[in-house]
Amino acid sequence: MNGLIRKLTSSKLFSALMALLVILIFNVFLNRGFLSITVVDGHLFGQLIDILNRSVPVMILATGMTLVIATGGTDLSCGALLALAGALSISLIRGSSTIVNEYSAIPFPLVITITLAVTTLCGLWNGFLVARLGIQPIVATLIFMTAGRGIAQLITGARNLTTNYAPYSVIGQGWLMMLPVPIFIAAAVLLVVWYFTRRTAFGLFVEAVGVNASAARYSGINSSMILMIVYSISGLCAGVAGLIYASGIMCADANNAGLNYELDAILATVLGGTSMMGGRFYLGGSVIGALIIMALTKSIYAFDVAPESALVVKAFVVVVVVLIQSPFFKNWRDTVKNRRAAVGGGEVR
Amino acid sequence: MTEPNGIPRDEIILEAKGIEKIFPGVHALNKVDFTLKRGEIHSLMGENGAGKSTLIKCLTGVYGTDGGVIKFNGREIHPESPLHAMSIGISSVYQEVNLCPNISVAENIFAGRQPMKGPFVDWKTLEERAGKALERFDVNVDVRRSLDSYPIAIQQMVAIARALDISAQVLILDEPTSSLDKQEVAKLFDIVRKLRGEGMGIIFITHFLDQVYQISDRITVLRNGELVGTYKTGELPKIGLVTKMVGKDFDDLANVSRVRNESPHDVMIALEEVSAYQSVENVSLELRRGEVLGFAGLLGSGRTEVANLMFGIEHNNSGVIKLKGSAVRLASPKDAILRRIAFCPEDRKRDGVIGELSVRENIILAFQARLGIFRFKSLRQQYELADKYIKLLGIATPDADKKVSDLSGGNQQKVILARWLATEPEVMLLDEPTRGIDVGAKAEIMKLTLDLCRDGMAIAFISSELDEIVRISNRVVVMRDRAKIGEIDEDEGLDQENILKAIAGGMAV
Amino acid sequence: MNGRRRFSVDLKYIPALSAIILFFAAYAIGGILYGDRGFLTTRTFATLFTDNAYLGVSAVGMTLVIISGGIDLSVGSVAALTTMMLAYFTEVLHWNSALMLCVVLLTGALLGFLMGLLIDVFDVPPFISTLIGMFLARGLCFIISIQSITINDPLLRSLGKWRIKLPTAARAAAYINLSVFTFIAILIAGIVIMQFTRFGRGIYAFGGGRASAKLMGLPTRRIQVGIYAFNGFCSAVAGILFSFYTFSGYGRHLYGMEMDVISSVVIGGTLLTGGVGYPIGSLFGIMIYSVILKFISFNGSLSSWWTKIAVGVLLLFFIVMQRVTVVLANRKKRIQKQEAR
């Protein structure tokens, strides 16, 4: 029992899970109806569902980001690629139509395929710069972070393109089995990525490359291929998130769609226990991280203040979680444990 | 007693008494005493984990002590940081050159204590003084160029120049020779002797026993964080030193001898006049099943490069590499692994272990890489495989889930061997497999090599230790200046002397 | 030997040098295309500085951070907080504006100092620490006020409007203002710090090898915390200059400024890996950025999002070039090493 508790508390997910729990409990006291879930027209409504639903884009970005960070990199471009995906999909649906349309210019599956293919290719390009040209990830992805929104605006002609094409709205606003569709999409993405990383050797290779790329190469792992796959996955995730985001508002907003989402995704990953130095990664942790971020924002909304004030609280929570995970505190804990052992005549090797 | 040049001998500069240091779970230093006299070179010996580095770090203020007294010139001191220790008069130079490659040589010598003119750095004085500091060692370089434009030996000199710049009385050299070639070591020793002549106390740490006997006046041996004793070099024979380091009468290496090769075996890998750009020139050799082929030569002679070629890390631009008689092109390590070639790289830390991952993951890595991403071994199969090799090689780890970086150097090396054995190779390339591990583990690894050879594997054994090569090789390829200059068979007088002759033979006098 | 030495020095300077060359090339192209519309006038040239002086100030601080091997995402938010504090305290609370100028500068430095502590003492990666600073500063803006506040304070107004006329023959008069002088002062300070002080030289050493710098006994904590404090100070200065430019304080000011600054610094030849870079290079990085903006405004038919694409393309160009330089330098080293044998 004792061992189980120790194993639980030493787990990387523990501090993140605790943080999420504290925020949720805090919310329960803050507003009465927080836990209540009602059924309206056969759909579940409630704040918990809302948090889950709204955190989906960041959660999906964080899924890709987790793999990227595990290789010791960072993908700054995913927020911009999210905007690009929205812009691209809606302009494909609109085609040459100048008015808000209710039909799609090209078959809908094609819209989705093209959009996802484009963002995946952008991701592959990032991976190429990192893996083949040996450019630092932050720098390599900075290019698309800057240019991505420019290209998105180029596609939309710098207008906020809207559409009324009904099938498109299903992605971000539809319902399935009483729950919002985005939740299912997020679950599917997670499941696929989890399966791909943990039920094949891919996860092991990613971690090996993240810890020591040179040794991984000597062991016969094609490091640059691993990196290119990882960045492509991140691009693909950005595409999926972009479709959900744009479908949620039925509008391509190249300027503001997913603004700073890359930072939230990185944050979610780090909160979830994956180190920015690379190595071990925790997909589940990243999901919890994304939930923490959204739950926090949500609880700030309960106060009557500007939504941006939430950032202050976010800053404090992040500081606390990051400090708990920091080597400084780990050393401190070790020292305390060590002292105790020494006082108790602890064993000497 | 006073030497002719007026420097008092036998005067103690640095004295450490009852030093204690405790780390989580480890009593790293247990009441260790150590004295250093003026004008002596004092070697600090011990296996990995004996506490040498910890002691040095306590003396230079990297760590605080958990007990004991440090006296410098009779006064008690409490060094708080390397900088503080330096200001007291204790300077240190570490194994890897710990300088900044991007700034100039002059700045590296004076970083943090640049001569100032008012609030600003006085560049002119700085460069003049740097030039002078290096002239002392007969090193003549442009001090304004960045450090990384010079070879490692010069960088080492710069590090020593930095350590000596402020009137240091104690100089600590922690494994300074591990990346130097013979001439560079000789040069370094000249400087060290010169400094001894000037009355400096020098603490010298190395893995090379020969060097200890070449240069030191006294030897202090540590074992498991405890002091074994301090001896005059002349009164402690080599075998005695090793015995004291290991803690038992030990000459395991004596039992290690080559496997006799009776019948001719099939050729596994053949290089035919292989050259690679900036790597090796015109090398031809054959590696046969059931033999150990030794590679002798100085650092940089091309021995590692040959192994790299056979493992697809470097690529030849002329000549042919043949595997079992047919020409192959090894584009990457993965290609080599698919053809059942295995390679333990020279730099274990950089190219070998994946520190954050577990022993199990490290062991299955190459095997899994051969299978590819989708033919994933289940956890159960992984544990079976890992446990099998942990047992087979006697890897000292509580379980297969231990982080590999928590193991000792020798055990890490065994994990790498296990990684390769798991791929069931036919050819094993071992580049310095015994470097930086303790004597007991060395013998184990060499025995294992011979076992593999007996089982019919073809083994290339690269080592700087001629003694080891001579003991286990059936044939030795001698390399110099990126080319093969000779080959000695076990029937043609394979001993250290002949190898040295071969290496020296081609040299211009 | 001599010839080769000159070559090796060149290699180190190539990124910064090419930024300078690119700037003049872009300026010349602008002259050819839009010379008839006054691209080459002193007035236009002066506006390159006046319009983007606040970015330049921030770029100087960012250069130090990046040379040390770090990154600072908080600059835009800290600058926005500065505009907000300045506006709110002088306009709403009627505090003395001269005093407030000092207060906001100290606040900027303090925020930087705290982020530096987080990085150095607690080993939180710079990316995360400054992200926290970014959230905190941006959030504080909105806690102070969610509205945009116009600055009417006479002192601030007169400082912001103060300018001197440049002697010019053209019909359009050219001016430079306080922002330009501040930028130049900060730039000179940056150059002097990096070239002639122990602190600056320590930053180079730190960026070249953190562990080495520590073992060499450099006061790494003071250096690292000092860098972020200095950059926080620069952000506050940038915020003040921006409020001189717009005469308002607002929490939504300067969104995304950090990426403009980081891009400019990279284009100016500072390696994001740390250890290499020059404040003067960042000046030209900013100037290139300004010229791109000028191109777009002179063209008239190009929309502003071309800026982003152009900056992206330039980044790509410079990053690949820097990479090639490094590879070339390494290859040269390898050859030398072998010659030495």
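Start by selecting Leu44(B) and Ile205(B): Leu44(B) stands opposite Ile205(B), which sits in strand 10 of chain B. Here a strand is a DSSP run of E with at least two residues, a helix is a DSSP run of H or I with at least four residues, and both are numbered from the N terminus. You are looking at a predicted model, in which local features need pLDDT of at least 70 and side-chain atom pairs count only at pLDDT 80 or more, while totals for chains, interfaces and linings use all residues. Residues are numbered from 1 along each chain as its sequence is written, and chains are lettered from A and ligands numbered from 1 in the order in which they are written.

**Stop 1: the sheet in chain B**

Now widen the selection to residues 41–45 and 201–205 of chain B. These are strand 3 and strand 10, which pair in the parallel sense over 4 bridges. (Two strands pair if DSSP finds at least two bridges between them.)

Next, colour the whole sheet. It is open, has 6 strands in the order 6-9-10-3-11-12 in chain B, and its pairing is mixed. At the edges, look for strand 6 (90–93) and strand 12 (226–232) of chain B, each pairing on one side only. On average, neighbouring strands of this sheet are turned by 20° against each other, direction ignored. (For angles, axes are lines fitted to C-alpha atoms, for helices over the stretch in contact, and the angles run from 0 to 180 degrees between N-to-C directions.)

- Helix 5 (residues 152–165) of chain B lies across strand 6 and strand 9 (170–174) of chain B, and runs at about 170° to strand 6 of chain B.
- Helix 6 (residues 182–197) of chain B lies across strand 3, strand 9 and strand 10 of chain B, at about 150° to strand 10 of chain B.

**Stop 2: all of chain B**

Zoom out to chain B, whose secondary structure comes to 17 helices and 22 strands. Its C-alpha trace spans about 70 × 50 × 50 Å along the principal axes. Of its 509 residues, 48% are buried. (Buried means that 20 or more other C-beta atoms lie within 10 Å of the residue's own; exposed means 12 or fewer, partly exposed is in between, and C-beta atoms are placed from the backbone.)

**Stop 3: where chain B meets chain A**

Show both chains and select the contact between them. It takes 29 residues from chain B and 27 residues from chain A. (Residues are in contact if their C-beta atoms, placed from the backbone, lie within 7 Å.) On the chain B side, strand 2 (26–37), helix 10 (333–338), helix 11 (348–352) and helix 12 (359–371) each supply at least two residues. Which of these gives the most? Helix 12 of chain B does, with 6 residues. By class, this side of chain B has 16 nonpolar, 6 polar and 7 charged residues. (Ala, Val, Leu, Ile, Met, Phe, Trp, Tyr, Cys and Pro count as nonpolar, Asp, Glu, Lys and Arg as charged, and the others, Gly among them, as polar.)

**Stop 4**

Most residues other than glycine have a negative phi. Select Lys31(B), in strand 2 of chain B, and you will find a positive phi near 50°. Lys31(B) is partly exposed because it has 14 other C-beta atoms within 10 Å.

Then jump to Phe247(C), in the loop between helix 10 (220–246) and strand 4 (248–249) of chain C. Phe247(C) also has a positive phi near 50°, and is partly exposed, with 17 other C-beta atoms within 10 Å.

**Stop 5**

Turn to chain A, with its 16 helices and 6 strands. Of its 349 residues, 54% count as buried. Select Ile171(A) in helix 8 (residues 166–173) of chain A. Leaving out residues up to four places away in sequence, Ile171(A) touches Val181(A), Leu243(A), Ile244(A) and Ser247(A).

Finish with the largest nonpolar core, where Leu61(A), Leu82(A), Leu429(B) and Ile459(B) touch the most other members out of 377 residues. (Such a core is a set of buried Ala, Val, Leu, Ile, Met, Phe, Trp, Tyr and Cys residues joined through C-beta atoms within 7 Å.) Helix 12 (residues 223–249) of chain A gives the most to this core, with 16 residues.

Definitions and conventions:
Two residues are in contact if their C-beta atoms, placed from the backbone, lie within 7 Å.
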